[in-house]
Amino acid sequence: MVLEKNEAIIDNSALELKLPLGDSLSNGDTKMAVVATDIPRNNESSMVLTPTDDHPRMVRHPTSYLETLTHLLRGNIGSGLFAMGDAFRNAGLLLAPAVTLFLGVICVHSQHLLLNASRDMAARTKKSSNPHFAETVELCFKTGPKATQRYARFARICVDIFLCVTQLGFCCVYFVFIAENIKQVIDVRFPDYQLDLHLHMLFVFVPILLSCWIRSLKYLVPLTSIANILMAAGIVATLYVVVQDLPPISSQEYVAHWSTMPLFFGTAIYAFEGIGLVLPLKEQMKRPAQFASPLGVLNVGMVCVAALFITMGFLGYLRFGDKVLGSITLSLPQDELVSQCIKLAIALAILLTYALQMYVPVSIIWPGVEKRFGPFRYPVFAELLFRSLLVILTFVLAEAVPELELVISLVGAVSSCALALLFPSLIDIISRWEEADPWRLRLCKNSFIFVVGIVGFLTGTYASVYSIVEKLA
């Protein structure tokens, strides 16, 4: 979403940090959630009672409405935002805003479905806290109809797989994104030393690998703090440059050819996929009921996110037209100092948060590796080797397919679509199968969302793969 999308939710004063399996850490595209360990120390802890708790839950430094809203915004705004110009090119200047809003409404509704299912599963199984994403899916299958119970473990594994694929896909995007932005600046500033994009990715590989050797999230806090500042400044500066000398609206296509719509769908879902973020954010609030209320954090935050996506996409496509690239930053004037600073700032922000993207697949896969092949004589070295192999994997995939816009669309269509649309609608049907459903409205609504997800998954994957093969041929 699942860890885009960048800005981490890390409490600087927390003694220890943990990552629940299946959740994600809010980091632009990262969509991961880092939760401070609930360890009381003197009077520093606050007592928070969630609606589904049977007893009070201790949370160190619970967040307010405004703090949680800030985390939600930071967790959903990242590289996907800068890809919206290309997304609008694939849908059209007038059609794209409407479809973006439509997809945004569906994605937010799916997030509410997950929140409701997690709350219901906590009450049904008498858990003291709401289960995370993968566990919620497993419990829904396990407590649902007999036909679904045998697939409970399989469903959880599927969620974990899609979370890993999403995060590793984000990491591949990061390699291409950073290298392309740096290459544009270097090519202009040092025209006698123009290098191939693959070499730039190789140079970027070293600092990324070193950052992934940091095993504790606590020590990543300084890096993510710098990244937050750079990303915010980069977004404001990008919008300032884009609105200069805008052409008339009639200069661009209102509705694009239908064959490019699947690419738009994949990119839009990639940008909106932040579903792994909602559960841990709610858990850390002083008043969790304020998260999913009509004017709560989720609805207000996602309205702001959707407005920013539509604004960036509309202005980006209007300004650059068919010449808009996979990231709007790449379309900015190459010889202007402001544009060069924007590219370097955002590239550095993405680089500093790559390690956070990698945290989810490591937390999901490494325990299984340790159980299967351990215990290791040198456990720290073994984990560092494993982390290095995952970085090398994303580097090789990025080198093989250095097409930013197509990789973003493919990741969105394959994994983000499953996490954001398919699983939430499915578990809502399964978890509430015994409840009365007059006129089968709930079933029809969830079936519609599921069909939208399936169509987007199939057409988006096909269009992305076809375009990649065509580019590489």
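**Cysteines, rings and helices**

C171 is buried, with a relative accessible area of 0%. Buried here means under 20% relative accessible area, exposed means over 50%, and partly exposed falls in between (1.4 Å probe, protein chains only). The model is predicted, so local features need pLDDT of at least 70 and side-chain atom pairs count only at pLDDT 80 or more, while totals for chains, interfaces and linings use all residues. Residues are numbered from 1 along each chain as its sequence is written, and side-chain values use heavy atoms, with hydrogens and water left out.

For C171, the nearest cysteine sulfur belongs to C212 and is 6.8 Å away, and C171 is in no disulfide. C417 is likewise in no disulfide; the nearest cysteine sulfur, that of C107, lies 8.5 Å away. C417 is buried, at a relative accessible area of 0%.

Now the aromatic residues. The structure holds twelve aromatic pairs. Rings of Phe, Tyr and Trp (its six-membered ring) pair if their centres lie within 6.5 Å; planes under 30 degrees apart count as stacked, over 60 as edge-to-face and the rest as tilted. Take Y174 and Y354: their ring centres are 6.5 Å apart and their planes stand at 55°, so this pair is tilted. Y174 sits in helix α7 (residues 152-189) and Y354 in helix α15 (residues 354-357), so the pair ties together parts that are 180 residues apart in sequence. Helices here are DSSP runs (H or I, at least four residues), numbered from the N terminus. Are these two tyrosines buried or exposed? Y174 is buried, with a relative accessible area of 0%. Y354 is buried too, also with a relative accessible area of 0%.

A second pair, Y462 and Y466, has ring centres 6.0 Å apart and planes at 20°, so it is stacked. Y462 and Y466 are four residues apart in helix α19 (residues 441-472), which means about one helical turn separates them. Y462 counts as exposed, at 59% relative accessibility. Y466 counts as partly exposed, at 46%.

Y174 and Y354 also belong to a group. Together with F175, F205 and F395 they form one aromatic cluster. Another ring, that of F373, has a charge over it: R372 lies over its face, at 5.1 Å from the ring centre. The test for such a charge is NZ of Lys or CZ of Arg within 6 Å of the ring centre and within 35 degrees of the ring normal.

Turn to helix α1 (residues 65-76). Its twelve residues should span 16 Å at 1.5 Å a residue, and its end C-alpha atoms are 17 Å apart, which agrees. The expected span is 1.5 Å times one less than the number of residues. Which residues of α1 are buried? They are T68, L69, H71, L72, G75 and N76. These residues cover an arc of only 160° around the axis, which puts them on the same side of α1. The arc is that of the directions from the helix axis to the C-beta atoms. The buried residues of α1 pack against α10 (261-272), α11 (278-283) and α12 (297-320). Contact in this sense means heavy atoms within 4.5 Å.

R74 also lies in helix α1. R74 is partly exposed, with a relative accessible area of 24%. Its C-alpha atom is 9.0 Å from that of A232, although 158 residues separate R74 and A232 along the chain.

Helix α5 (residues 133-143) is mostly covered, with nine of its eleven residues buried. These are F133, A134, E135, T136, V137, E138, L139, C140 and F141. Where do they pack? Their partners are α4 (95-124), α6 (146-149), α7, α11 and α18 (404-431).

K126 is found in the loop between α4 and α5. Its phi is near 60°, a positive value in a residue other than glycine. K126 is exposed, with a relative accessible area of 65%. D245 lies in the loop between α9 (221-242) and α10. Phi of D245 is near 55°, again positive in a residue other than glycine. D245 is exposed, at a relative accessible area of 70%.

Terms used: Helices (H or I, at least four residues) and strands (E, at least two) are DSSP runs, numbered from the N terminus. A disulfide is a pair of cysteine sulfur atoms within 2.5 Å.
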